[in-house]
Amino acid sequence: MNHLKICRFCLGILFAIGTSIAPAATSELPRNSVYQLDVALVDQDGRSSQWRDAAAQSGGPRIVSMFYTRCDYVCPMLFEGIKNVEAQLPADARSRLQIGLITIDPVRDDVVALQKIAGQRAGDSARWRLYRTQIAGVRKIAGVLGVQYRALSNGEFNHSTVMILLDHQGVELARTDNIAKTDPGFLKAVLKATAAP
């Protein structure tokens with residue numbers, strides 16, 4: 001009888017340990033998710049959100065990058081590069097792809113500036129989101145995305161231009177700095193990520 005009580009006690013301990021080390025719920029983000037950051041964003045429509053909520057908002061793969069609205073050369077090429085990738089997707093795959101671009105110049109790029117550029121350069125407004133955040137938030141997002149930038153004395157910026165494909169949980173699937181023409185490897189990754197489940 002004592003052995004039976006001891007066995008039940010041991011089973012209780014094992015159950016408690018097992019539940020405490022059980023895998024995290026599927027709704028939790030993986031450790032290598034870029035959405036782990038706690039950064040507040042405002043989009044071109046003036047809507048506030050959290051960077052970490054981007055996974056729930058998109059519900060699917062997303063191309064992300066960084067830009068600034070007064071950029072007259074490389075940033076317009078970035079917008080066109082993303083649109084070129086979209087143009088090579090079947091319509092149903094395109095509808096599953098989200099685009100998120102964050103400005104590196106939040107001092108000048110207010111909601112009005114984001115709206116203007118969205119109207120001039122962005123694609124489908126239901127899927128394209130242009131964001132601004134505080135300067136500290138820009139640094140954090142640039143850090144996790146591996147985007148380098150530097151403010152110049154004339155108010156312009158030097159910055160790396162890259163398209164990054166994230167899965168629905170913010171894990172990087174592919175990246176390319178080839179924005180002048182579509183990178184075949186990047187396109188292949190986008191096609192795979194947007195394929196029907």
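These notebook entries record what I looked up in a predicted model.

**Entry 1. Ground rules**

I worked with a predicted model, in which local features need pLDDT of at least 70 and side-chain atom pairs count only at pLDDT 80 or more, while totals for chains, interfaces and linings use all residues. Residues are numbered from 1 along each chain as its sequence is written, and side-chain values use heavy atoms, with hydrogens and water left out.

**Entry 2. The sheet**

I looked up the strand order first. An open sheet of seven strands runs β2-β1-β5-β4-β3-β8-β9, and its pairing is mixed. Strands (E, at least two residues) and helices (H or I, at least four) are DSSP runs numbered from the N terminus, and two strands pair if DSSP finds at least two bridges between them. β2 (48–50) and β9 (172–176) are the edge strands; each has a single partner strand, so one side of each has no neighbour in the sheet. Neighbouring strands are turned by 30° against each other on average, direction ignored. For such angles, axes are lines fitted to C-alpha atoms, for helices over the stretch in contact, and the angles run from 0 to 180 degrees between N-to-C directions.

I then examined one pair. Strand β1 (residues 40–43) pairs with strand β5 (residues 128–132) in the antiparallel sense, over two bridges. Aspartate 43 stands opposite tyrosine 131 in β5.

**Entry 3. Helix α5**

α5 packs on the sheet and touches β1, β3 (62–67) and β5, its direction making about 155° with that of β5. Contact here means heavy atoms within 4.5 Å.

Which residues of α5 are buried? I found Ala113, Leu114, Ile117, Ala118 and Arg121. They are on the same side of α5, because they cover an arc of only 135° around the axis. The arc is that of the directions from the helix axis to the C-beta atoms. Buried means under 20% relative accessible area, exposed over 50%, and partly exposed in between (1.4 Å probe, protein chains only). On the other side of α5, I noted Val112, Lys116, Gly119 and Gln120 as exposed. The buried residues pack against β1, β3, α3 and β5.

At the start of α5, a side-chain oxygen of aspartate 110 comes within 3.3 Å of the backbone nitrogen of valine 112.

**Entry 4. Helix α6**

Helix α6 (residues 135–145) lies across β1, β3, β4, β8 (163–166) and β9, and runs at about 125° to β3. Its buried residues are Gly137, Val138, Ile141, Ala142 and Leu145. Seen down the axis of α6, these residues fall within an arc of 130°, so they line one face of the helix. The face turned away from the buried side carries the exposed residues Arg139 and Gly143. I recorded the packing partners of the buried residues of α6 as β1, β3, β4, β6 (149–151), β8 and β9. Just after α6, glycine 146 takes a positive phi of about 75°.

**Entry 5. Helix α7 and leucine 187**

In α7, I found Phe186, Leu187 and Val190 buried. They lie on the same side of α7, because their arc around the axis is only 100°. Pro184, Lys188 and Lys192 are exposed on the face turned away from the buried side. The buried residues of α7 pack against β3, α3 (74–87), β8 and β9.

Leucine 187 belongs to helix α7 (residues 184–193), and its relative accessible area is 12%. Leaving aside neighbours within four places in sequence, leucine 187 is in contact with Val85, Gln88, Leu89 and Thr182.

**Entry 6. Aspartate 105**

Aspartate 105 lies in the loop between β4 (98–103) and α5 (111–121). Is aspartate 105 buried or exposed? At 2% relative accessibility, aspartate 105 counts as buried. Apart from neighbours within four places in sequence, aspartate 105 is in contact with Tyr68, Arg70 and Phe157.

**Entry 7. Cysteines**

A disulfide is a covalent bond between the sulfur atoms of two cysteines. How many disulfides does the structure hold? I found zero disulfides, the criterion being a pair of cysteine sulfur atoms within 2.5 Å.

Technical notes. A polar contact is a pair of N or O atoms within 3.5 Å; within protein, one must be able to donate a hydrogen and the other to accept it, and residues adjacent in sequence count only if both atoms are side-chain atoms.
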